[in-house]
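Read the following alongside the sequence and the coordinates.

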Amino acid sequence: MSNGENLPPIRRILISLDASASGTAALETAVALASRMEAELLGLFVEDVNLLRFAALPFAREMSFFSARIRRLDIVGMERALRAQASRAEATLIETAGRQRVRCSFRVVRGEVTTQLLAASQDIDLIALGVTRRQFHRISPTVRGIIDATRSSVLLLPTDARINAPVTVVYDGSPASIKALSVARQLSQMQEGILTVLFTEKTESPKAEVAEQLEGSGLVVRYRSLPSADMAGVAQGARREAAGTLVLSTSLCLKAGALEYLLEQLDCAVLLVR
Amino acid sequence: MATIERLGPEALCARCDPARFTFKTTSELDDLTGVVGQARATQAIEFGIGIHHDGYNLFALGAPGAGRHKVIRQLIERKAAAEPASSDWCYVNDFDQPHKPRVLELPAGTGVKLRRDIEQFIEDLRSAIPAAFESEEYRARRQELEHELKERQEHAFEELRQQAESHGMAMIRTPSGMAFAPMRKGEVLSPEEFQKLPETEQKRIEAVMTSLEEQLERIIHQVPQMRREGQRRIRELERDVTMSAVGHLIDELKKEYASLPKVVSYLDAVQQAVIDNADDFRRQEDGQEITILGIPLSRAAASASALRRFQVNVLIDRSGAGGAPVVYEDSPSYHSLVGRVEHIAQMGALVTDFTLIKPGALHQANGGYLILDARKVLTQSYAWEGLKRALSSREVRIESLGQALSLISTVSLEPEPIPLDVKVVLVGERLLYYLLNYFDPDFGDLFKVAADFEDTITRTKENDLLYARLVATIARQEGLLPLDPAACARVIEHGARMAADAEKLTIRLRDITDLLREADYWARQGGRDVVAGEDVQRALDAKIYRADRLRERLQDEIHRGTLLINSQGERVGQVNGLSVVALDNFAFGHPSRITARVRLGKGEVLDIQREVELGGPLHSKGVLILSGFLGARYAYDRPLSLSASLVFEQTYGEVEGDSASSAELYALLSALAEAPIKQSLAVTGSVNQHGEIQAIGGVNEKIEGFFDVCHHRGLTGDQGVLIPAANVKHLMLRRNVVEAVAEGKFHIYPVSTVDQGIELLTGVPAGERDANGMFPDGTINQRVEVRLLIMAEQARAYATPLEAEKET
């Protein structure tokens, strides 16, 4: 595959909906992305089986985050709360997607969140996940589990982050990075902006396969070398280029603590391509 | 029979002989530097503007056109020019109480400089503050603080999470809160699994949950506190950054205004306000969208609006002013005196701030002099009250009328009052002065000095020359042609006529100036470069012609016989009285027929004019005097059994004044004596109870009024007018009257007593009581006395049978 033009575009995007603030912000970005790529959006609400199990315990209770008051929980109440949450999530999805005229569907499933998301992502090109800043230090097991197991690309959207220009892509020559380059090209063309390619190796001129892939894209392309091939180097390079969206291979982030470090250092959206 | 000397032509008009003047035209005469004939008023004004104590404000009283404004301005401007320039006044924002703007007094010309300096200061801050907040140092420090706050919160939760984990529990997010759940192999224990646990384990789990919840509760309570602490530290950082930008700029200003402690204090307040509101200076750079009632505003507009509070409103600017201010307020309404707070419409609401405070005349004149027309002040709603309050309190407080009268309670602004040091000069008519003095108890305390302007000066040879110089000065000031001696003499003669006194000259400058302007017009029309006597005369004639439509109508109706006036023949109980009609700036006389009828009665003289309420009080007084005269002279020892009725024939409006009382008495005597009165004569003059004829007003107009009737019908040589002898000195008659008298075609008789008058009118001697107290037979007085005696007898004869009936 020498030319990114032949790569299948992003046609189906999965988003996990939980009616939280970060989820809503992620939804808007996902809808905007789907609109530009003419993709279909699938909203998935998972009724967490762990919550239901907890609510069935005889001493189950929750503490309000605002008032610190303790409230008893039971299985019926929990199911009702989850249904209400799902309704809100569906309404938000339809309203947001409707504004942009994006095709969408919504599903409610019950089970363990990671398992259900992975199951739903079988024929999905991209999974969009909202992440709160609190999670930077410690990626939630759900997110971690998805990144480790999915075959799809994953878009991590910190609160307030959007798919912004300039798009910056990390290129290490791996097949995944070639795919990342292709996705980055598509995103840059949507932004009508500049594409920055960060090479993990020191190089004086763009590699032939990269130049070939970007040929005829109409983009202004900047080629830079990362100060180091590790995650610290990626973060530093992305900051230096004021990256609006960072695209990189998932394999670069599989090392323990690598993704946490990257998200802590950057405010922008991160697209992990597998 | 006493003979009354007719007045000669020389007594009818005090001529001014042009030959007395040595100049060819008035251009040769020097300007008058002083004020003619106003020594008393001048001295009062100089005293009033010189004395520096409370309440010594002035009231210049006199007739309109007497030159009061000119004299006052002249004297005040001369004094003000030698006085130091008064202060500039500025309103600035009070940052602690924005609804109470504070005032700054500054040396003349400093207000504008301060405004410019503050504008520059704010402009500098608009770039310096955003630059300071853009600095890497600020960003790094702020990020550090934000991270610190975040870390503190996360650390607290993370510790709790780890603690929960160590007890086999997980902190989980529920749809509406947080909870701790017992875990096994990454999953929450099911109820069945939990039931299978030993009781001690179950109790342990519940105890751990309770303990963890207590800790979570503490953390949740700490979160707002942590956030507040974090925000406080960020604010402190922002204050430090702002201070670094503002500090040296404000220090420069404070150094410059070090001699003005109030300005320095204001600059301190500005510095504090800038530090407290640094966001206003950054708004154009970043920040959230600003809306009013949901409508977005541009950031630049919102920023400009917020920065208005730092402006300086220069209320009074004395830049370049020499001396104290002299202000004349032509329209002294309440707000134009005390100032006002304007409003602007913004999004449908009226809003204001200290920059919309506008000065009033009192602010403009502060430290100097304010000249006002009393009538205008009194006719403007609440202007007089506002002026008095400012003068009493010695400060100008800007309030809307609604506030001042407590009509509204929504106070928008309460500007700090400005100390007032002003000398107010009210210019008004005498009547207003006396009314205010009588009815307003504050007036005497606030306007202690009265400058009473004369209307006339005594006519002497010296004053005639002075008058010529006055004429020359006015002509020069007004850009008029110079006058030749004849024109000047004619102006002086008319000056005496305007004064209604041959021995006085009017000094009502407005009237003199008007005459000179009009004479100038006619001279130019005639192609002359010097105003001649004929131009002055033409100006006078034209002015009369323009105004005398009504006079002409009256004369016309007399000639056509609509108004019945005889100027020949004789009639019993009928005499020609004379009255004056005063229009705006023109008065004329005309004859009126006065008739008297007598019959038996109870001694009353019936004034028909009064009975129908067409007689004024003075007229009624004159008629009532007649009863006194008749009773005392003819029936002092018996009842006055007379009933007489008197009427001004063909009058349809109110008759006022007692100048016809002698004419009424002549008609009455004629009716009683049955002696016919010559209709070729007309009469004016009031009479007292002793039969003495007293002076009246408008003598010239009255004589001319009758003369015009006779002249139109053809002068017979018998016609004339009886005037009070005391009025001879007031005669300034028209030329054609004087000429007719000189030719013996018309006569003026100065009369001192009723007897003299009745003799002239009837040709029958009046008669004096002899040693026996009897009037000679055939005289008017004897005939009147006999008639009254007969009436008394008749009255007694009528009364006697009734008395006899009563006795029986």
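Two salt bridges cross the interface of chain B and chain A, a salt bridge being a side-chain nitrogen of Lys or Arg within 4 Å of a carboxyl oxygen of Asp or Glu. B:Glu187 and A:Arg53 form a salt bridge through their side chains, at 3.3 Å from N to O.

The model is predicted: local features need pLDDT of at least 70 and side-chain atom pairs pLDDT 80 or more, while totals for chains, interfaces and linings use all residues. Residues are numbered from 1 along each chain as its sequence is written, chains are lettered from A and ligands numbered from 1 in the order written, and side-chain values use heavy atoms, without hydrogens and water.

In contact terms (heavy atoms within 4.5 Å), 33 residues of chain B meet 27 residues of chain A. The two chains bury about 2,600 Å² between them, 65% of it on carbon and sulfur atoms; this is accessible area (1.4 Å probe) lost on being put together, summed over both. On the side of chain B, B:Glu154, B:Pro175 and B:Ile220 lose the most area to chain A, together 21% of what that side buries.

Within chain B, helix H18 (residues 485-499) packs against helix H20 (residues 533-547) at about 35 degrees, with axes 6 Å apart. Helices are DSSP runs (H or I, at least four residues), numbered from the N terminus; axes are lines fitted to C-alpha atoms over the stretch in contact, and angles run from 0 to 180 degrees between N-to-C directions. Residues of H18(B) in this contact include B:Arg490 and B:His494, and those of H20(B) include B:Gln537 and B:Leu540.

Methods. Helices (H or I, at least four residues) and strands (E, at least two) are DSSP runs, numbered from the N terminus.
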